[in-house]
Amino acid sequence: MTLYDDLRSMADTEHEKERRYGYCLRVCTAAACVSQHSDSIKKAFDAEVKARGLDEQIQVKGVGCMGLCAAGPLVMIDPVRDNTLGPTLYEKVTVEDVPEIVDALAQKQVVERLERKMDIPFFQRQVRIVLENSGIIDPENVDDYIAADGYQAFSHALTSMSPADVVKEITASGLRGRGGGGYPTGLKWSTVAKASGDVKYVICNADEGDPGAFMDRSVLESDPHRVLEGMCIAAYAIGASKGYVYVRAEYPLAIDRLKTALKQAKRKNLLGHSILNTEFDFDIEIRLGAGAFVCGEETALMASVEGRRGQPRPRPPYPSDHGLWGKPTLVNNVESYANVATILRKGADWFAGIGTEKSKGTKVFALAGQIENTGLIEVPMGVTLREIVYDIGGGTPQGTELKAIQTGGPSGGCIPADLIDLPVDYESLVKAGSFMGSGGMIIIDNTADMVNVAKYFMDFCKSESCGKCIPCRVGTAHMYNLIDKIDRGQATHADLDLLLSLCDLVANTSLCGLGKASPNAILSTLRVFRNEYEAKLLDGHVGAQPEAK
Amino acid sequence: MTAPTRSHIKTLKIDGKDYSGHEEETILDIARQNDLFLPTLCQIDGLSVAGACRLCLVEVKTWNNRLVPACTTHVEEGIEVLTHSERIDNYRRMILELLFSEGNHVCAVCVSNGNCELQALAQKLGMDHVRFPNLRPVRVVDMTHDRFVLDRNRCVLCARCVRVCDEIEGAHTWDITGRGIDARIISDLDTPWGSSDTCTRCGKCVNIYPVGALVEKGSAIGEMVKHHDFLEYIAEMREARE
């Protein structure tokens, strides 16, 4: 019997105990709900259940994100042995509601005033791979993860697959980088695997910084072991013995959960020396970002991990042959790693069967802005924006009219409402003048002023420029000043032309992706909403101006 | 005897003409060997490359007309490089405009007037006006050192000083703090230069700095020493004539 089977049977024994409960009461303990005191709610449930002597019948469990953050704090009651009551979801729960909910549960009834029906598209239309355990397992309990087939893929890879087989499987799955660029993950892995050198590194980029994006935070808070397992498999595939998770310090809860997960994984010998009785050694350390958006760029990220100023450097050389401390390094995003274990477990063909021809699998999106169901969703690649915004997202609130959808963070752009039937995949979004990005999706309704939206993103790029190259350092400052001048109604066409030539310069001559993409917010809004710009110009005439060159 | 497996020498085209280079060499190396002019500011022979000023950007036709910095891009077989075109020249002039609009680059009141790489580049590339209002970020002048002055308002953030101090002198007195338009050069942990424990007073940073941000004390003041003796002399001679 291998060591993994031991781990598994221990986890299953734990799970066996759980099956004796009548109901499992899950309280969301991810950041959005915690910010509304779901931690006190969980404590109140613990106390209430115990006080009534129901702790043999009801299991209270802290779990990760259930997705519908707008309705938080969320509490889910699932039948385990007792089937009288079906799965029930409670929304906007407060500490005061706790006795009533426990009362009702004891009498096998539902508190109707708090119930959120689950037969809505938000829950039914999602396909969950990355989020399969989110909201179900306890993120602070490794046994919960193992009992949900966790670390099985890693163990299988270690004992029955060669590193080359693992790379082949990931390549065959068609997985592409979920950080935004969409670079084929298998190709990246094989490049690092082939790079010469005994010392190699694996880095997980968890420096999520796009405004309105919270996918990676949620994955780390809800299912941290899934990310660690993906990194372990990657390390085995490329021959690395050391890994780093670079996570921004603004995510304290995610960092706590990661730390707990690392400790547990080490204790179970899933990390460290001779992992699972094989010859494979691998360890992971956490590095905290110090609040610089540009550190999400891989060369800046590596400089920061090395303890230097987080500034990008020109590529090539790419991290795959000259990365951390000059060694070959694999850098992938949280969500990319989170797909890996499931791909190995269910097979590349299964994964490649989901999504479109060129974009395989699913994508997690954070819905924010003017939308009914603010929260986290996972959908197959290729679904249309309409399905995301109207069916899953529930449309704009108070029936305002949809104006645009901003994707890809400050590097992305605004997709106008008339492209609502656009399928969401890497190529289609680029064609529409935006970018997949890491998954932030900001819904903009007709109450928004698009010049102001562009100004917001320009301000962001200006403040986050590292200052190393001249076009981005000085160019973004002038671009912000010019769009601010337009927004204040003090600019003329000459200012707009100057702004456009700056956009051209900065996009083509900046050193890294931050600078190169910084004009996107202006260019994408100007293309479709030029009349809003015109209306603010001193010499502008609404709708009469020809398109910009 | 083993047969050679691959060549380290690459042939490439620059502005339509054929050149050859070793794979370790950059496009800038080849251009300089052959007296082809490429503007540079952050690059200086002897220090590591930064790729920061973007003035040496060249267009590589064979890479979808992508612009790459000549100082960091190694030669590759068969690439076709363009060092000048209307587009590139415009970009270069505009980058200079941005620099001039960033701080105090008024030549008439600068100690480096006539000995300034930024001024020379502007003349050479024909940047004769600046379309942007001056940003004037608040930048502190450090005169605490007994021999040198740092005027951050004249700094172009080429980081030559940071690199020479770290790579050649081995002191690493200089570094950069802040970001974007607020980025600035600091000595040690942002303490006055004059009280620096690490500065060896070698003056290397001052000597390789392209503009008038780092200067020797007295280079401005020295020229301003008043010579009064002429008056005494003239007065004496006039008196003698009377």
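## Chain A at a glance

Of the 549 residues that make up chain A in this predicted model, 57% count as buried. The secondary structure of the chain comes to 23 helices and 13 strands. Its radius of gyration is 24 Å, close to the 24 Å that the globule rule gives for 549 residues, so chain A is as compact as a globular protein of that length. Taken along the principal axes, the C-alpha atoms fill a box of roughly 75 × 60 × 40 Å. Among the contacts in chain A with a separation of 6 or more, 73% are accounted for by residues 24 or more positions apart.

Helix 12 of chain A, whose dimensions are set out below, can be examined in more detail.

| Property of helix 12, chain A | Value |
|---|---|
| Residues spanned | 252-267 |
| Number of residues | 16 residues |
| First C-alpha to last C-alpha | 23 Å |

Just after helix 12, A:N269 takes a positive phi of about 60°.

A:K117 lies elsewhere, in the loop between helix 4 (98-106) and helix 5 (121-124) of chain A. Because A:K117 has 9 C-beta neighbours inside 10 Å, and a residue with 12 or fewer is classed as exposed, A:K117 counts as exposed.

Conventions:
Residues are numbered from 1 along each chain as its sequence is written. Chains are lettered from A and ligands numbered from 1 in the order in which they are written. This is a predicted model: local features need pLDDT of at least 70, side-chain atom pairs count only at pLDDT 80 or more; totals for chains, interfaces and linings use all residues. Helices (H or I, at least four residues) and strands (E, at least two) are DSSP runs, numbered from the N terminus. A residue is buried if 20 or more other C-beta atoms lie within 10 Å of its own, exposed if 12 or fewer, and partly exposed in between; C-beta atoms are placed from the backbone. The expected span of a helix is 1.5 Å times one less than its number of residues. The radius of gyration is taken over C-alpha atoms; the globule rule is 2.2 Å times the number of residues to the power 0.38. Two residues are in contact if their C-beta atoms, placed from the backbone, lie within 7 Å.
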